[in-house]
Amino acid sequence: MNYWLFKSEPDCFSLQDLKKKKTEHWDGVRNYQARNFLRDEIEKGDMVIFYHSSCAEPSAAGVAKVVRSGYPDFTAWDPHSEHPDPKSTKENPRWYMVDVQFEREFKNPVTLREMRTMAGLEGMQLLAQGNRLSVMPISKQHFEIIVKAGGKKK
DNA sequence: GCCAACGTTGGC
DNA sequence: GCCAACGTTGGC
């Protein structure tokens, strides 16, 4: 089993939105490196840190679980979707997505600011300078440290 | 809103 | 295949 970190802008789609919907497809990723993870490496049963980016307090908000591995992102085919791509077709899909299920909301969201100073998170890709990937791997150790710091919400 | 870091595009 | 121009991300 592998661990991942997914970024989302909470104004767009937050962990609380996922909580309400229970399960949702993680569509709209339009970056090849992230696409390769979604298509080739992320498997059913993998765990995900749900990270809120581009907001007042960027932070790890909770945990989600992958319930369906990579399949074509059909929103790319729809000219009226958020992220249409006319070069992606049903016959030759360019973009992929997975389905995630709500697992846990942290009692205390773990802010980026905190993560930069927390022991044991050295080398985490999220903390690397200029990191822009919206889907990235995270080690089991780093995953567990963040989950522990986040705590359980009743 | 600014801007550094990065990915993508397209002319050559 | 290089690289300048451009667009986007995302923290601050």
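This is a predicted model: local features need pLDDT of at least 70, side-chain atom pairs count only at pLDDT 80 or more; totals for chains, interfaces and linings use all residues.
## Lys 21 and Glu 24

The side chain of Lys 21 meets that of Glu 24 in a salt bridge, with a distance of 2.9 Å from N to O. Glu 24, by contrast, has a relative accessibility of 16% and so counts as buried, the limit for that class being under 20%.

## Arg 39 and Asp 40

A salt bridge also joins the side chains of Arg 39 and Asp 40, where the N to O distance is 2.8 Å. Asp 40 counts as partly exposed because its relative accessibility is 43%, and Arg 39 is likewise placed in the partly exposed class, with a value of 35%.

## Glu 57 and Arg 113

Glu 57 pairs with Arg 113 in a salt bridge whose closest N and O atoms are 3.5 Å apart. This pair connects distant parts of the chain, for Glu 57 lies in the loop between β3 (47-52) and β4 (59-72), whereas Arg 113 belongs to helix α3 (residues 112-115), 56 residues apart. Glu 57 is partly exposed, having a relative accessible area of 37%, while Arg 113, with 59%, is exposed.

## Salt bridges in the structure

The structure holds 6 salt bridges, among them the pair of Lys 21 with Glu 24 and the pair of Glu 57 with Arg 113. As a general point, side chains of opposite charge can pair when their charged atoms come close.

Conventions: Residues are numbered from 1 along each chain as its sequence is written. Chains are lettered from A and ligands numbered from 1 in the order in which they are written. Side-chain values use heavy atoms; hydrogens and water are left out. A salt bridge is a side-chain nitrogen of Lys or Arg within 4 Å of a carboxyl oxygen of Asp or Glu. Buried means under 20% relative accessible area, exposed over 50%, partly exposed in between (1.4 Å probe, protein chains only). Helices (H or I, at least four residues) and strands (E, at least two) are DSSP runs, numbered from the N terminus.
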